[in-house]
Amino acid sequence: MSNTAEILIVEDDSQIRRFLRATFTAEEYRFHEAVTAEDGVVQAAARHPDLIVLDLGLPDRDGLEVIRKVREWTQTPIIVLSARGQEKDKVDALDAGADDFVSKPFAVRELLARVRAALRRSATINDTQSGGIFQAGQIAVDFVRRVVSVSGSEIHLTPIEYKLLQTLIRHAGKVITQRQLLVEVWGPNHSEHGQYLRVYMAQLRRKLEKDPARPRHFLTEPGFGYRLVQEDQS
């Protein structure tokens, strides 16, 4: 059975496009290609792909502008594939709205694993938005009833803890920077107040993780931010 996911590749390097074409063909993904930022934005709007693989060093404009433009209308997963490997480049891409960052040169298995994870995250968000229950191991969140439980036992969360949990779930599976979380949960005036985030993340782990000192779901990504993962990481 063929994969139903449709991927948009925005990359100006013909050798890398050829390599990605062979990789996605072997996995039976459907795909389209764009060489410039402008064409990438146009194709993203016209085709509504399930996932975008994006280079940052495009000939007409910076790939960060593509991320910001696409994020004006869609939350389609974006995986940045770039030779820029500095921490600041990764943080800038994630802050702009990218879901993940893979540095060139890259391993095929790693890229495909990131693609699968991003597609799973997107499917989870769609299920949750349609009234489903988010599940991560023994943690269950019913957004309709606003009930959070662990192993069937209801857990009380403060309004801020619940809002933080909602935000992490909305971005489940992807790295979300400290700045993103602070802006979405506390507002733009608190974008530099990292101590708020550390305190509330510790409280979520204490209430929801089996072993808060060795969290399985609420993970810290050193130098970047946090990632909420579900149990199935295959």
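The structure described here is a predicted model. Arginine 121 belongs to helix α5, which covers residues 108-129.

Which residues are in contact with arginine 121, once its neighbours within four places in sequence are left aside? They are Gln75, Pro77, Asp99, Arg170, His171, Ala172, Gly173 and Lys174. One of these contacts, alanine 172, lies 51 residues away from arginine 121 along the chain, yet the C-alpha atoms of the two are separated by 5.9 Å.

## The parallel sheet

An open sheet of 5 strands is arranged in the order β2-β1-β3-β4-β5, and its pairing is parallel. The edge strands are β2 and β5, each of which pairs on one side only. Averaged over the sheet and with direction ignored, neighbouring strands are turned by 20° against each other. Helix α1 packs on this sheet and touches β1, β2, β3 and β4; the direction of α1 makes about 170° with that of β2.

Strand β1 (residues 6-10) is joined to strand β2 (residues 30-34) by 5 bridges, and the two run parallel. Between them the chain passes through helix α1 (residues 14-26), forming a right-handed β-α-β crossover. Strand β1 is also joined to β3, in parallel, by 4 bridges. Leucine 8 illustrates both pairings: its bridge partner in β2 is histidine 32, while in β3 it stands opposite isoleucine 52.

## Helix α4 on the sheet

Helix α4 (residues 87-96) has Val91, Ala93, Leu94 and Ala96 as its buried residues. These buried residues pack against α3 (63-70), β4 (78-82), β5 (100-103), β10 and α7. The helix lies across β4 and β5, running at about 150° to β5. After α4 comes glycine 97, which has a positive phi near 130°.

## The antiparallel sheet

A second topic is the open sheet of 3 strands, in which the order is β10-β12-β11 and the pairing is antiparallel. Here the edge strands are β10 (176-177) and β11, each pairing on one side only. Strands β11 and β12 pair in the antiparallel sense over 4 bridges. In this pairing, threonine 220 has tyrosine 226 of β12 as its bridge partner, and phenylalanine 218 stands opposite leucine 228 in β12.

Helix α6 packs on it, touching β10, β11 and β12, and the direction of α6 makes about 75° with that of β12. Helix α8 also packs on the sheet, touching β11 and β12, and its direction makes about 145° with that of β11. The hairpin of β11 and β12 has 3 residues between the strands, and glycine 223 takes a positive phi near 85° in this hairpin.

How far apart are the end C-alpha atoms of helix α8? They are 21 Å apart, which agrees with the span of 21 Å that 15 residues (194-208) should cover at 1.5 Å a residue; the expected span is 1.5 Å times one less than the number of residues.

The buried residues of α8 are Gly194, Leu197, Met201, Leu204, Arg205 and Leu208. Seen down the axis of the helix, the buried residues fall within an arc of 95°, so they line one face of α8. What covers the buried residues of α8 includes β7 (139-142), β8 (147-150), α6 (159-170), α7 (178-186), β11 (218-221) and β12 (225-228).

## Backbone features in the loops

Most residues other than glycine have a negative phi, and most peptide bonds are trans. Histidine 48 is not a glycine, but its phi is positive, at about 50°. Histidine 48 lies in the loop between α2 (37-47) and β3 (51-54). Is histidine 48 buried or exposed? At 57% relative accessibility it counts as exposed, because the limit for that term is over 50%.

Serine 151, likewise not a glycine, has a positive phi of about 55°. Serine 151 is found in the loop between β8 and β9 (153-154). The peptide bond from lysine 104 to proline 105 is cis, with omega near -5°. Proline 105 is placed in the loop between β5 and α5.

How values were computed
Residues numbered from 1 in each chain as written. Predicted model: local features only at pLDDT ≥ 70, side-chain atom pairs only at ≥ 80, totals over all residues. Heavy atoms only, no water. Buried < 20%, exposed > 50% of the residue type's maximum accessible area, 1.4 Å probe, protein only. Arc of directions from axis to C-beta. Contact = heavy atoms within 4.5 Å. Pairing = 2+ DSSP bridges. Right-handed = clockwise from strand over helix to strand, strands pointing away. Axes fitted to C-alpha atoms, helices over the stretch in contact; angles between N-to-C directions.
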